[in-house]
Amino acid sequence: MRVVATAGHVDHGKSTLVRALTGMEPDRWAEERRRGMTIDLGFAWTTLPSGGTVAFVDVPGHERFVPNMLAGVGPAPAALFVVAADEGWMPQSAEHLAALHALGVAYGLLVVTRADLADPGPALARAGAEIAATSLGHVEAVAVSAVTGAGLPELRAALDRLAARLPDPPADAPVRLWVDRSFTITGSGTVVTGTLGGGRLAVGDHLELAGTGEQVRVRGLHRLGVARDRVDAVARVAVNLRNVPRDRLGRGEALLTPGRFGRTDLLDVRVTGEPAADLPATLTLHVGSAAVPARVRPLGVDTVRLRLARPLPLLVGDRALLRDPGRHLIAGGVTVLDVAPPPLTRRGAAAARARVLADLDGRPDLAGELRRRALARVGELTRMGVPVTAAPVAGDWLADPEHWRSLAARLTAETTRYAAAHPLEAGVPVDVLRHRLGLPDRALVEALVRPPLRVAGGRVTASAGDALPEPVARAVARVRAEYADRPFQAPEAHRLAEWGLGPRELGAAVRAGALLRLADTVVLLPGAVDAAARVLAGLPQPFTLSAARQALDTTRRVAVPLLELLDRRGVTRRLPDDARSVVSPPP
Ligand SMILES: Nc1nc2c(ncn2[C@@H]2O[C@H](COP(=O)(O)OP(=O)(O)OP(=O)(O)O)[C@@H](O)[C@H]2O)c(=O)[nH]1
Ligand SMILES: [Mg+2]
């Protein structure tokens, strides 16, 4: 299916044309029929000569109803531009064309209607030239009369050619269905309609309401009035929702694929049309079927920051337009550059931001996004419309490669600095590093740790062999001197304390590899274990604890944990009768 919106000045014959093409009545309201004027959007469809279907969103031409017109045109990818032969180019011809151009609509047809009332030539020439200067470019033009039927077969053929040229949306696109109508059906509940521009809807789907983020469930689907289990874009659809009051689902609301859209009330955009500096401070942003007041802050020549009166589900690259309702003027087209822009608090921040925005074109760009943000979560980028094609550095975090390398260097420097300032601590707590590096997540700190650094017990430590603080090193030297000839006699705790080796200092010396801890306060010099193994290997095998104690000239206080350590290291093996033998003596 193709969806085409009409456009054109009031009374130029849009609805009459849609009626002639489809046999359906686009003016739904009694008031519209009484006044002979379209007030709100109308919907009708027909089968083309090729067999394809085209659905029309018929818009009002009266200047008072331009907001309704924009809600119809916003989600539609193509336009049927109508000008009456007998009236020619008129103010809303210009305003509607400006709107299509601002939205970047690139597909359309020109239809000069009421060709039975006047020579269509001048209108064809003028409108053709006006349209050619916009995003629509050169379009096929057809003159018709709804009264005589002249030109209608040619128009149907031209619609077929237009339909064939329209690009298909990517099949895996997320759903963002802008609601253009909502009503209640007794027994079924709330129904909303809209133009499905991308993705697929299915009965049972969970969707997210753009306004509140609340989840809703699809109870039923209609496509052009026929019930379906699923509907693929592009299509006109009616969606029946479970348990959602109608008042929560007005025009401008959107149904979203969960997790694929953020909601933002702050965005940086490029504007076309009037220079940024000349824009009024307040305008209305029209996007999809939504119209939201926006405060405008110029940043660069053609870039502005918009603060919206309520958040919208926008993605990088979205097209929108700004309208001045007071002056009845399409102030400009909008391309969304950033839906999560940084605050502009520091002096000069706005100018710096303008320089950044000058290089953006609204095409989602992961590398650039990471360069600007340094770090970002996968979900956050997805919800901006930036496809994530790189692997996370930790958890769901992505990092700019250069920033990541500099963080790793800073982590090493901070670890060294901390060790110097806190020599007796077993490394720097991960949270301290997280804070010093300004990181949002501990997982990032841990992912930055590379050998010889390592994470242990919630701290990042340098590897063993670090220099000990002076007093501890002196005390260790004292132990070494005192025990050089009694290597297996661990000094008593009170001796250690006299030399300045309290629990903290002992811990530091042990971590640095200067002492070896057998039990709480039982320490030996590091070489003692291998030396002990060599002595034990010289005993008749197997040997008892007592034989070992004597051979090593030590006490049970040392011999028991020492043998247990040797067991754990696989040097000795404990036999059932509590004797041991050396199974793999050290070299
Ligand atoms: N003679 C003649 N009259 C036409 C033709 N097309 C439309 N009309 C008449 O022009 C008037 C306006 O037609 P509509 O179809 O309501 O115009 P519209 O563009 O939908 O108007 P709005 O929706 O209010 O913007 C009606 O009286 C139609 O009967 C045509 O081809 N020939
Ligand atoms: Mg009409």
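The largest cavity is lined by Val479, Tyr483, Pro487, Gln489, Ala490, Pro491, Val523, Leu524 and Leu525. A cavity here is a set of points, on a 1 Å grid over the protein atoms alone, where a 1.4 Å probe fits but cannot get out, and lining residues have an atom within 4 Å of a point. Helix H13 (470-483) and strand E29 (522-524) each give at least two residues to that lining; helices (H or I, at least four residues) and strands (E, at least two) are DSSP runs numbered from the N terminus. By class, eight lining residues are nonpolar, one is polar and none is charged. The volume of the largest cavity is about 30 Å³, taken as the space filled by probe spheres set on the points, which are joined across faces, edges and corners.

This is a predicted model, in which local features need pLDDT of at least 70 and side-chain atom pairs count only at pLDDT 80 or more, while totals for chains, interfaces and linings use all residues. Residues are numbered from 1 along each chain as its sequence is written, chains are lettered from A and ligands numbered from 1 in the order in which they are written, and side-chain values use heavy atoms, without hydrogens and water.

Now to the chain as a whole. Its secondary structure comes to 18 helices and 31 strands. Along the principal axes, the C-alpha atoms fill a box of roughly 125 × 55 × 40 Å. Of the 587 residues, 49% count as buried (under 20% relative accessible area with a 1.4 Å probe, protein chains only).

Definitions and conventions:
Buried means under 20% relative accessible area, exposed over 50%, partly exposed in between (1.4 Å probe, protein chains only). On a 1 Å grid over the protein atoms alone, a cavity is a set of points where a 1.4 Å probe fits but cannot get out, and a pocket is an open set with protein on both sides within 12 Å along at least five of seven lines; lining residues have an atom within 4 Å of a point. Ala, Val, Leu, Ile, Met, Phe, Trp, Tyr, Cys and Pro count as nonpolar, Asp, Glu, Lys and Arg as charged, and the others, Gly among them, as polar.
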